[in-house]
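Dear colleague,

I am handing over the structure below, together with notes on what was found in it. Please read the notes with the model open beside them.

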Amino acid sequence: MSRIKIKNFGPIREGFLENEGWMDVKKVTVLIGDQGTGKSTVAKLISIFSWLEKTLFKKFVSVEQLNIQVFKSLCKQQELEEYFSENSFLGYEGDAFKFECDVTKNKFKGEACHIECSRYILPKIQYVSAARNLLTILYSIPSQSDFIEKQGAFINRDTIPFMVKDLSNEYWKALAELAKNGFPLPVKDTSVYHKDHCTFIRTKGKVIPMSSASSGIQSITPLLLVSHFLSEEVKTQLLDKVRKISDREKNQIVQDFTREDAALAEKFIQLYNFGKGILTKAEDRDLLSEKLKKYIPSSFMNIVEEPEQNLFPNSQQKVINSLIEYNNSAKGNKLIISTHSPYILSSLNNSILAEEVFEKTGKSIDAYGKDKRVAFADVSAYQLDDGRIYDIKDYETNLINAEAIDSCSDVINSDFDQLLDLMPDNEA
């Protein structure tokens with residue numbers, strides 16, 4: 001489990017009011033709050049710190065190379081550079097490394113967590129931005145898709161937000177892998193297809209270009225395709241993934257293995273060039289599999305902004321159930337969600353309750369089978385409001401606090417009652 005501490009950064013001032021300011025980042029972490037309260041800020045900082053931990057673990061950079069300017073440049077990529085103030089403090093503790101950014105002291109510190117490092121599972125980190133609808137439009141236009149496939153997704157498009165650029169690369173791969181024969185969406189009789197550099201949907205017997213699809217379909221298509229694709233990718237055996245790594249990663253592995261054992265490096269080169277069939281000895285396969293855990297992701301951190309975006313409540317429930325299913329597919333996976341929707345959180349509460357019921361009775365219902373349940377202990381839930389962050393888990397009911405889920409309904413119902421009271425008695 002990881003944890004993060006945020007004070008005096010953008011809209012977040014006092015930060016979390018318990019546990020000395022440390023927020024737990026668990027198997028499932030949920031962030032709610034009004035617009036501009038800092039939900040995306042928390043999610044982006046988790047992404048930045050997790051990426052930095054991963055990069056240090058792979059030894060692409062060293063702790064000695066880190067300073068506050070390097071960290072600020074990482075935050076700038078995710079449009080957080082203006083959020084620093086003269087007394088900002090950020091902290092992060094993971095299984096492999098921990099970090100501290102203290103602007104008052106002009107200091108950034110990183111160090112290895114030697115005791116916990118053995119628990120660290122290298123993650124594939126994906127930030128699914130609320131601006132994901134942009135991708136579905138671009139990938140439904142043949143000329144644009146042609147450019148993307150030939151030149152690399154959005155490489156020369158400085159106007160495209162960084163978070164969408166990163167998502168676009170995985171979306172293209174997911175389309176090519178999953179949608180060539182149709183990928184079912186949680187909308188009745190609807191599937192997405194990608195053929196001849198063009199994306200379209202089949203719905204109720206009709207074929208519709210993605211650019212003409214509803215905003216809800218345009219939102220969930222990249223979300224579910226990428227989430228499904230990456231959750232499956234990290235489960236693939238390490239030896240099967242070697243031939244897909246980048247040249248930079250390959251060269252780094254060769255250098256590291258050569259320093260340790262020239263024979264090991266040679267076996268890796270053979271594996272990279274010819275596939276695992278070249279390794280005839282089980283001990284060679286086992287040794288390389290163990291060594292490669294340091295370089296190739298075996299878990300998936302899925303950071304999702306507003307999974308409910310433009311969706312009818314019934315579809316929201318299906319989306320969160322799918323995301324939980326993907327999250328449960330591999331050890332070490334994490335799902336971080338920012339949301340405004342009471343339906344998303346109510347569905348999550350059902351998953352929590354389903355796990356408790358199953359633990360006590362061994363029974364469940366079809367909608368909440370093994371892959372769609374989550375233990376209360378594996379969930380963190382926070383509400384952001386006026387610069388502060390509150391824990392909204394109810395430790396008596398073992399659910400997320402119902403008032404935090406939909407406190408707005410109380411206000412709406414109260415207003416309705418007051419309006420009824422103003423009606424003449426004979427018309428009320």
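In the hairpin of β6 and β7, which residue takes a positive phi? Asn106 does, with a phi near 50°, and the hairpin has four residues between its strands. Strands β6 (residues 97–102) and β7 (residues 107–112) pair in the antiparallel sense over six bridges, and within that pairing Phe99 stands opposite Gly110 of β7. Helices (H or I, at least four residues) and strands (E, at least two) are DSSP runs numbered from the N terminus, and two strands pair if DSSP finds at least two bridges between them.

Before going further, please note that this is a predicted model, in which local features need pLDDT of at least 70 and side-chain atom pairs count only at pLDDT 80 or more, while totals for chains, interfaces and linings use all residues. Residues are numbered from 1 along each chain as its sequence is written, and side-chain values use heavy atoms, with hydrogens and water left out.

Turning to the sheet, seven strands form an open arrangement in the order β2-β16-β15-β4-β14-β13-β8, with mixed pairing. Its edge strands are β2 (15–16) and β8 (123–128), each of which pairs on one side only. β8 pairs with strand β13 (residues 299–305) in the parallel sense over six bridges, and Gln126 has Asn302 of β13 as its bridge partner. Helix α6 (residues 215–233) packs on the sheet and touches β8 and β13 (contact means heavy atoms within 4.5 Å), its direction making about 165° with that of β13. Helix α12 (residues 342–361) lies across β4 (28–33), β14 (334–339) and β15 (379–385), and runs at about 150° to β4. For these angles, axes are lines fitted to C-alpha atoms, for helices over the stretch in contact, and the values run from 0 to 180 degrees between N-to-C directions.

Helix α1 (residues 39–57) has 19 residues and reaches 27 Å from its first C-alpha to its last, close to the 27 Å expected at 1.5 Å a residue, where the expected span is 1.5 Å times one less than the number of residues. Of its 19 residues, 17 are buried, so α1 is largely enclosed by the rest of the structure; buried means under 20% relative accessible area, exposed over 50%, and partly exposed in between (1.4 Å probe, protein chains only). Just after α1, Lys59 takes a positive phi of about 65°.

A search of the whole structure finds 15 salt bridges, each being a side-chain nitrogen of Lys or Arg within 4 Å of a carboxyl oxygen of Asp or Glu. One of them joins Glu14 to Arg388, with the closest N and O atoms 3.4 Å apart. Because Glu14 lies in the loop between β1 (2–9) and β2, and Arg388 in strand β16 (residues 388–391), the pair ties together parts that are 374 residues apart in sequence. Glu14 is partly exposed, at a relative accessible area of 31%, and Arg388 counts as partly exposed at 35%.

Another salt bridge is formed by Arg119 and Asp95, whose closest N and O atoms are 3.5 Å apart. Arg119 sits in the loop between β7 and β8, and Asp95 in the loop between β5 (84–93) and β6, 24 residues apart. Arg119 is partly exposed, with a relative accessible area of 47%, whereas Asp95 is buried, at 14%.

With best regards
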